[in-house]
Structures are given as structure tokens and as C-alpha cells.
Amino acid sequence: MSTDHRAASKKYWDDSHGSQSYDRSVIKTDDWLERFDDIIMNTDKPILDLGCGGGNDTLYLISKGKRVIPCDLSEIAIENIRKNFPEIGEAYCFDMLDGIPFEDGSFDVVIADLCLHYFTEKDTERILKEIRRILTSGGHLIFRVNSLHDVNHGAGKGTEIEKHVFETESGTLKRFFDEDDTRYIFRDFDIEYLNEEIMSRYKFEKRLFRGCVKNC
Ligand SMILES: C[S@@+](CC[C@H](N)C(=O)[O-])C[C@H]1O[C@@H](n2cnc3c(N)ncnc32)[C@H](O)[C@@H]1O
């Protein structure tokens with residue numbers, strides 16, 4: 001019988017968010033969004049933090065005085081967000097694979113930090129189409145995704161079910177991007193910034209692509 005990747009992912013993320021402390025005082029931000037502060041500061045609409053997890057980017061955006069709508073697959077993550085950020089009016093739990101439940105053109109800025117690399121190419125394309133739909137024309141998606149060189153976090157491990165997409169031991173999917181993959185998957189946007197970088201927020205350094213793309 002083939003693995004139910006969606007069910008495995010839900011369980012994995014609920015377990016993960018349930019087992020970690022997300023008290024606001026210990027949430028770490030890192031400076032990856034600073035480069036895009038002009039874009040972030042230029043919108044009067046709320047900013048969507050897709051796959052918000054513990055709220056690292058939500059915290060950064062709040063510190064900049066922005067309105068944020070954090071969203072995640074895991075209800076436990078969203079409960080933690082509601083507890084840690086009582087000032088936030090809206091926070092939602094949904095699976096991006098079911099679509100992104102906002103009206104067309106709702107956002108000038110969508111943040112997707114380390115949450116767009118859990119899908120096959122076909123599903124990633126569907127999610128990106130949804131992100132384009134909810135962005136205004138000229139709106140920006142700011143993201144980070146796993147690099148193919150991210151050996152400390154699973155690159156090359158597991159069963160490759162399609163090019164650069166691996167099934168892990170827990171039955172979840174992980175995708176790793178090279179520059180060509182990244183440029184290809186974001187081809188319907190204008191790519192304004194794309195760079196392979198190292199993030200040191202985790203115990204072991206993480207290699208990723210940081211990008212900023214414009215909806216055209
Ligand atoms: C590596 S964490 C990143 C969390 C946060 N953005 C950050 O950078 O700290 C990935 C997050 O994506 C969420 N996620 C995974 N698959 C998802 C899906 N299909 N729909 C919505 N969120 C998803 C997970 O629950 C998890 O919180």
C-alpha cells in the first residue's frame with residue numbers, strides 16, 4: 001500500500017509542535033527578512049505568514065508594527081500562536097494542499113519560510129498558483145526552501161519518489177532545490193532575488209535558497 005503523505009505530514013507536524021516549547025520569550029527571529037524591509041513596510045494590508053510554525057517570522061513582522069495572519073497545517077502550532085501572540089486577531093489552520101482560503105488579491109506580501117518544500121512538483125505548482133491568486137498584481141512572495149546541498153537536514157536521504165523529492169522514514173515528503181529547480185518552479189513570477197545561503201538558526205547549519213518574487 002502506498003504511503004499517505006498528507007496524513008504522515010499532519011502527524012509529524014502535530015508531534016513536532018506539541019513537543020516543543022513555543023513560549024514567546026524563547027522564539028528566535030533571524031534577520032533574513034531584513035533585506036526585504038522596504039517591501040514589508042510598504043503594505044497597509046496584513047501579511048500572510050504561511051506555514052508559520054512557532055511564529056519566528058510572525059514575531060519579526062509584529063516587531064516591525066505589521067499586521068500578520070499566521071497560518072499552519074498544525075492546529076497545535078496555531079494554538080501556540082494564539083497563546084503567544086494575543087494581539088493577533090486572525091490565525092488559521094489549513095492544509096495548503098486544499099487551497100489557500102482567502103479572496104483573490106488579498107495580500108501585497110506573503111511569507112513562506114521553509115514550508116514550500118514538502119510537496120511533489122505538481123502539488124507545489126498548485127500551491128504557487130494559489131499564492132499568485134491571493135496576491136495583488138505586483139505583490140511579493142518572500143520565501144526560503146531547502147537546498148539540494150542541505151546535507152545536515154536530509155538532502156539525499158530516504159527514497160527518491162521523483163526528482164529531488166524524497167520520502168522520509170516518517171512517511172513525509174521533503175524536496176530539495178537546486179537553482180534550476182527553483183527558477184523553474186517560480187517561473188510565473190518575476191524573480192527579483194534568489195540566492196543560496198546558510199541559515200544558522202538551527203543546531204546544525206542549514207543550506208537553503210532565499211528568494212523574493214513578484215506577482216506579474
Ligand atoms: C520547517 S517549519 C517552518 C516554520 C516557520 N515558517 C519557520 O521558518 O520557523 C514548516 C512549517 O510548515 C507547516 N506545513 C507543512 N506542510 C504544510 C501544509 N501542507 N499546509 C500548511 N502548512 C504546512 C508545518 O506545520 C510547519 O509548521
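Is F177 buried or exposed? F177 is buried, with a relative accessible area of 1%, where buried means under 20% relative accessible area, exposed over 50% and partly exposed in between, with a 1.4 Å probe and protein chains only.

The structure is a predicted model, in which local features need pLDDT of at least 70 and side-chain atom pairs count only at pLDDT 80 or more, while totals for chains, interfaces and linings use all residues. Residues are numbered from 1 along each chain as its sequence is written, and side-chain values use heavy atoms, with hydrogens and water left out.

**F177, I185 and R175**

F177 lies in the loop between β8 and α6; helices (H or I, at least four residues) and strands (E, at least two) are DSSP runs, numbered from the N terminus. Leaving aside neighbours within four places in sequence, F177 is in contact (heavy atoms within 4.5 Å) with L116, H117, V145, N146, S147, L148, T182, I185 and F209. F177 and F36 are 141 residues apart in sequence, and their C-alpha atoms are 22 Å apart in space.

I185, one of the residues that F177 contacts, is found in helix α6, residues 179–185. Not counting residues up to four places away in sequence, I185 touches E121, T124, E125, L128, R175 and F177.

R175 belongs to strand β8, which covers residues 173–175. Its contacts, apart from neighbours within four places in sequence, are H117, F119, E121, T124, N146, H164, V165 and I185.

The table gives the relative accessible areas of several residues.

| Residue | Relative accessible area | Class |
|---|---|---|
| R175 | 2% | buried |
| I185 | 5% | buried |
| L114 | 8% | buried |
| H164 | 10% | buried |
| K83 | 56% | exposed |

K83 is found in helix α4, residues 75–84.

**The nonpolar cores**

A nonpolar core is a set of buried Ala, Val, Leu, Ile, Met, Phe, Trp, Tyr and Cys residues joined through side-chain atoms within 4.5 Å. The largest such core has 30 residues, and those with the most contacts inside it are L48, L50, L116, I131 and L141. The elements that give two or more residues to this core are β1 (47–50), β2 (68–72), β4 (107–113), α5 (121–134), β5 (135–146), β9 (189–199) and β10 (206–215). A second, separate core of 23 residues includes W32, F36, I47 and I81. In soluble globular proteins, nonpolar side chains tend to be buried together.

L116 touches M96, T124, I127, L128, I131, L141, F143, V145, F177 and F186, when residues up to four places away in sequence are not counted.

Helix α3 (residues 56–63) is largely enclosed by the rest of the structure, because seven of its eight residues are buried. These buried residues are N56, D57, T58, L59, Y60, L61 and I62. Their cover includes α2 (37–41), β1, β2 and β4. Just after α3, G65 takes a positive phi of about 80°.

Most residues other than glycine have a negative phi. L114, in the loop between β4 and α5, has a positive phi near 60° and is not a glycine. H164 also is not a glycine and has a positive phi of about 70°; H164 lies in the loop between β6 (159–162) and β7 (165–167).

**The ligand**

Which residues are closest to the ligand? They are H17, G51, D72, D95 and R201, among the 18 residues that surround the ligand, a residue being near if one of its heavy atoms lies within 4 Å. The residues of this shell divide into 10 nonpolar, four polar and four charged. Here Ala, Val, Leu, Ile, Met, Phe, Trp, Tyr, Cys and Pro count as nonpolar, Asp, Glu, Lys and Arg as charged, and the others, Gly among them, as polar.

An oxygen atom of the ligand is 2.5 Å from an N or O atom in the side chain of D72. For the side chain of R201, the corresponding distance from a ligand oxygen to an N or O atom is 2.7 Å, and for that of H17 it is 2.8 Å. The protein covers 94% of the 600 Å² of accessible area that the ligand has on its own, with areas from the Shrake-Rupley method and a 1.4 Å probe.

Note on methods
A polar contact is a pair of N or O atoms within 3.5 Å; within protein, one must be able to donate a hydrogen and the other to accept it, and residues adjacent in sequence count only if both atoms are side-chain atoms.
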